[in-house]
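Morning, everyone. I'll take you through some side-chain contacts. Please have a look at the model first.

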Amino acid sequence: MNVIPVDPETFQPALDAACAGDRIQLTPGIYSGVYTISRRHGAASRPIVIEPAPGVDPKDCEISRGVSADEFRLPANRLAQYALEIGYDFPGLYPWIDDASLRIYRCQHVVVRGLTFSKSWPTHVFIESAADISLQDCAFEDATFCIGALGAVTRDILIENCIWTQDTVPDRLWQQIPWFRVHGEEVDAEKDYRLFDGDFFRSNEISGGVTIRHCTIKAAFNAIHGFNTSAQAALNRDFHIHHNRFEQIRDNVFEPEDGASNWWFHHNDMIDVHKWFSIECATRGPMYIFSNTGSFRTQQGPDPSQGEKDDNRGGAVFKPIKKVARATGPFSGLYVFHNSFITRSSYIKKGLLPGLSHRNNAIAYAPAKGETPRKNGFFGKVLEPEYDKRFTSSWSRWTIDFDGDVVEFPAFAAEILAARYPLGKNTNDQGPDFAGAGHTPQEFELTANSPARGASIPFSILLPSGDWSSPGGLNVGALQGPPGSPASDRFQGPVFQPSLEERHYDTFVGV
């Protein structure tokens, strides 16, 4: 092991010369530059580590360009408009995602540990054509994109025990800025907030192998966003997202784009999220969503009586494909099971989710504090004749089924029957009878007399390597223990299985 203490002047030279086993340790100072580690290779047993020096407070060696959100807001709006002018389909800072404070390019086995990043717009960390990259125990504030990744050979990224607060002004992004000011189709260079139109993790056309665990993402626009613009089956695979907390996410938490396969999302907690799972893929391999909790404390968006009207205050749990023509396929199973959710909006609105298998989920309805109960039904405007205003009822065509769920939603049974949704015979509309409002995981505990106790039905799902089955007889929903048991006593579910083949980095990337 070679320990290399650095200061702001010697940090970049140390990155340029890094070798397997080096520990580059930041001493106190202002690290305001743009730092790049390029074509450096650690080893599995001897990674290159970038970390604070022993005894140094991470804030005393913070990586920051020192640009506040207020200072970057108007330049960000102009950049978003310029993106349209140079040919991008949508205004945003996406062309500049590689403008990061720390760039990792064509590297292998690099660990970034225990650092603090702030005020680095638009991006904190950018990874390109690299493999076996870890970000551990890091704290992030600000930035449009916290971590970006690009390149078909980019794979095996681990992000764990990290915290990101995108907007450090309390409640501003969640309740004060209209949604369209961040992500509307037209740019107002004076009034918009395009600097927030980003993600905790955003990738495009990477191989995959992304693990995000034990992280907290809050006051952000999006969380996990993986693009595959060419819809290649070999890309955008094996995302394993578990044991995280998502709070005040103004758009989406889980968003595979174009084409994706083998995405897992389990044992996560969500509080105040606009639309939880955005799955508008034109083609899709299997996905697994289980043992999560989700609820609301407050309604998103500004009160229309206090300012601009915001049409994106409703939200939903699932955002499906809106147009049949976009569902080119093929599609594998979308397995959603043993989750505990309290929604203040429709569960799924207009569109379709091919291959959705929905089993043993406990779902309750409760409007946000002070909010008028919504008129839309569980599947959108189910009482209206226009099919384009509600979730598809053509379940046989799209291989969709719901069974074993315990659902408490206004007029659920009547609305479902009126629209002829073929719910499974084991669906229970009495409601799960949670112990609380879901503001903490403990509040999703089932009361002693809950109809969800011991009521789960058996089912099977297809994993990358074969079948997995649950015998039934468990609690419907995520929490499995008796009254008073720890909230960590959750439905375990299957063990993650990768679909990507093992590969040695130097066999497909020049060293």
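**Side-chain contacts**

Start with a charge over a ring: the charged end of Arg73 sits over the ring of Tyr193, 4.5 Å from its centre. The rule here is NZ of Lys or CZ of Arg within 6 Å of the ring centre and within 35 degrees of the ring normal. Arg344 does this too, with its charged end over the ring of Phe296, 5.3 Å from the centre.

A word on the source. This is a predicted model, where local features need pLDDT of at least 70 and side-chain atom pairs count only at pLDDT 80 or more, while totals for chains, interfaces and linings use all residues. Residues are numbered from 1 along each chain as its sequence is written, and side-chain values use heavy atoms, with hydrogens and water left out.

Now salt bridges. The cut-off is a side-chain nitrogen of Lys or Arg within 4 Å of a carboxyl oxygen of Asp or Glu. That gives 21 salt bridges. Take Arg250 and Asp310: their closest N and O atoms are 2.7 Å apart. Arg250 lies in strand 19 (residues 245–256) and Asp310 in the loop between strand 24 (293–295) and strand 25 (316–319), so this pair ties together parts 60 residues apart in sequence. Strands are DSSP runs of E, at least two residues; helices are runs of H or I, at least four; both are numbered from the N terminus.

Are Arg250 and Asp310 buried or exposed? Both are buried. Buried means under 20% relative accessible area, exposed over 50%, partly exposed in between, with a 1.4 Å probe and protein chains only.

Next, Arg490 and Asp269 meet in a salt bridge at 2.5 Å, N to O. Arg490 lies in the segment after strand 33 (466–470) and Asp269 in strand 21 (residues 269–278), so the pair ties together parts 221 residues apart in sequence. Arg490 and Asp269 are buried as well.

There is also a network: salt bridges link Arg181, Asp188, Asp192, Arg194 and Glu308.

Last, aromatic pairs. Rings of Phe, Tyr and Trp (its six-membered ring) pair if their centres lie within 6.5 Å; planes under 30 degrees apart are stacked, over 60 edge-to-face, the rest tilted. The count is 45. One of them is Phe378 with Phe412, edge-to-face, 5.1 Å centre to centre and 80° between the planes. Phe378 sits in the loop between strand 29 (362–365) and helix 5 (395–398), Phe412 in helix 6 (residues 412–418), 34 residues apart. Phe378 is buried at 2% relative accessibility; Phe412 is buried at 4%.
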